[in-house]
Amino acid sequence: MDRALELEGLCRRFGGLEAVGDVTLTVPRGARQAIIGPNGAGKTTLFNLITGELAPSSGRIRLFGRDVTSLPAHRRAAMGLARTFQITNLFRSLTVEENVLLAVQALRPSRYVMTRPVRAYADVQERVRALLERAGLWAKRAMPVRVLSYGEQRQIEVLLALAGEPRLLLLDEPAAGLSPGERREMARFIKGLDAGLTILLIEHDMDVAFEVVETIAVLHLGCLVAEGSKEAVRASPAVQEIYLGTEASRGSC
Ligand SMILES: Nc1ncnc2c1ncn2[C@@H]1O[C@H](COP(=O)(O)OP(=O)(O)O)[C@@H](O)[C@H]1O
Ligand SMILES: [Mg+2]
């Protein structure tokens, strides 16, 4: 099987707290997989381990078949890994287009060239336009980001992550804080992304996850408690217990 991501016995402790405990997970190339779980389950910590922002206490991470456990974040990014954050991270007083332009330019080798050929600049412009059209935001390109709806701002963040043409995209709760209508729009937008792109989506909200992906892994107190098709996960007694708020205690995985 061709794999985008493999996590093997991944563990991260913060002092006495095991935020991520012994997570083993495989994401095939081209898959769309969600990691769901309540607040504090360890979802964002898991992303920070995958991107290299945090070092694991133990375990291995392979990206497109290569062990990246000791590679710094920028090397993993150069291999085609991109992410969004749980909290909005845009330049609010710059326009929609300027935000995307900065992201595209930052990733081009031409960024160090002061006297850049016109054609290279046209190439950047074209990429910006393609990204904005993908989110239906081309018409709003001259508006400052702060006047856009929160749902649109979150979509721009996904565009920024796409600027480097990643092969594996990690989305951390892209629908957090959105209205029901904006959530549906975000789900539609993510579903419409390039079919060749592997997507790992963190969601607190099960409905959004179910809308966007085929397979789901459920994280609870740092441990994977269920994994499989949407139907299997929905029917899992462990998942029902977690989402119905039944008592659960922190134990080992
Ligand atoms: N840098 C950190 N230092 C100490 N504890 C942390 C740190 N980051 C996360 N945690 C703790 O790890 C647990 C998992 O957090 P997090 O990964 O943010 O969960 P989630 O994204 O699923 O809500 C929480 O108990 C959180 O308080
Ligand atoms: Mg989180």
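Colleague: At what angle do helix α3 and α5 pack, and how many Å apart are their axes?

Modeller: Please keep in mind that this is a predicted model. Helix α3 covers residues 96–106, and it packs against α5 at an angle of about 25°. Angles under 35 degrees count as roughly parallel, and that makes α3 roughly parallel to α5. As for the distance, the axes of α3 and α5 are 8 Å apart.

Colleague: Which residues make the contact of α3 with α5, and how many of them are nonpolar, polar and charged?

Modeller: On the side of α3 the contact is made by V96, N99, V100 and A103, while α5 contributes I156, L159 and L160. The crossing of these two helices, α3 and α5, is right-handed. Sorted by class, the contact of α3 with α5 has six nonpolar residues, one polar residue and no charged residues.

Colleague: How do α5 and α6 pack, and what is the angle there?

Modeller: Helix α5 is made of residues 150–162 and helix α6 of residues 180–191, and their axes are 9 Å apart. Because angles under 35 degrees count as roughly parallel, α5 is described as roughly parallel to α6. The crossing in which α5 passes α6 is right-handed, and the angle between α5 and α6 is about 20°.

Colleague: In what order do the strands of the six-strand sheet stand, and which strands are at its edges?

Modeller: The six strands form an open sheet in the order β6-β7-β8-β3-β9-β10, and the pairing in this sheet is mixed. On average, neighbouring strands of this sheet are turned by 15° against each other, direction ignored. An edge strand has a single partner, so one side of it is left without a neighbour in the sheet, and the strands in that position are β6 (81–83) and β10 (223–229).

Colleague: How many bridges join strand β9 to β10, and which residue in β10 is the bridge partner of H220?

Modeller: Strand β9 covers residues 215–220 and runs antiparallel to β10, with six bridges joining them. For H220, the bridge partner in β10 is C223.

Colleague: What is the order of the strands in the four-strand sheet, and how are they paired?

Modeller: This is an open sheet in the order β2-β1-β4-β5. Here β2 and β5 stand at the edges with a single partner strand each, so one side of each has no neighbour in the sheet. Eight bridges join β1 (residues 3–14) to β2, and five bridges join β1 to β4 (residues 58–63). The pairing in this four-strand sheet is antiparallel.

Colleague: Which strands does α1 lie across, and at what angle does it run to β7 and to β2?

Modeller: One set of strands that α1 lies across is β3, β6, β7, β8 and β9, and here α1 runs at about 150° to β7. Another set is β1, β2 and β4, where the angle of α1 to β2 is about 60°.

Colleague: Which residues are around ligand 1, and which element supplies the largest share of the shell?

Modeller: The residues around ligand 1 are F14, L17, A19, G37, N39, G40, A41, G42, K43, T44 and T45. By class, this shell has four nonpolar, six polar and one charged residues. Both β2 (17–28) and α1 (43–51) supply at least two residues of the shell, and the largest share, three residues, comes from α1.

Technical notes. Residues numbered from 1 in each chain as written. Chains lettered and ligands numbered in written order. Predicted model: local features only at pLDDT ≥ 70, side-chain atom pairs only at ≥ 80, totals over all residues. Near = placed C-beta within 6 Å. Nonpolar A, V, L, I, M, F, W, Y, C, P; charged D, E, K, R; others polar. Pairing = 2+ DSSP bridges. Axes fitted to C-alpha atoms, helices over the stretch in contact; angles between N-to-C directions. Contact = placed C-beta atoms within 7 Å. Parallel < 35°, antiparallel > 145°, perpendicular 65-115°, else oblique. Left-handed = near helix turned anticlockwise from the far one by under 90°.
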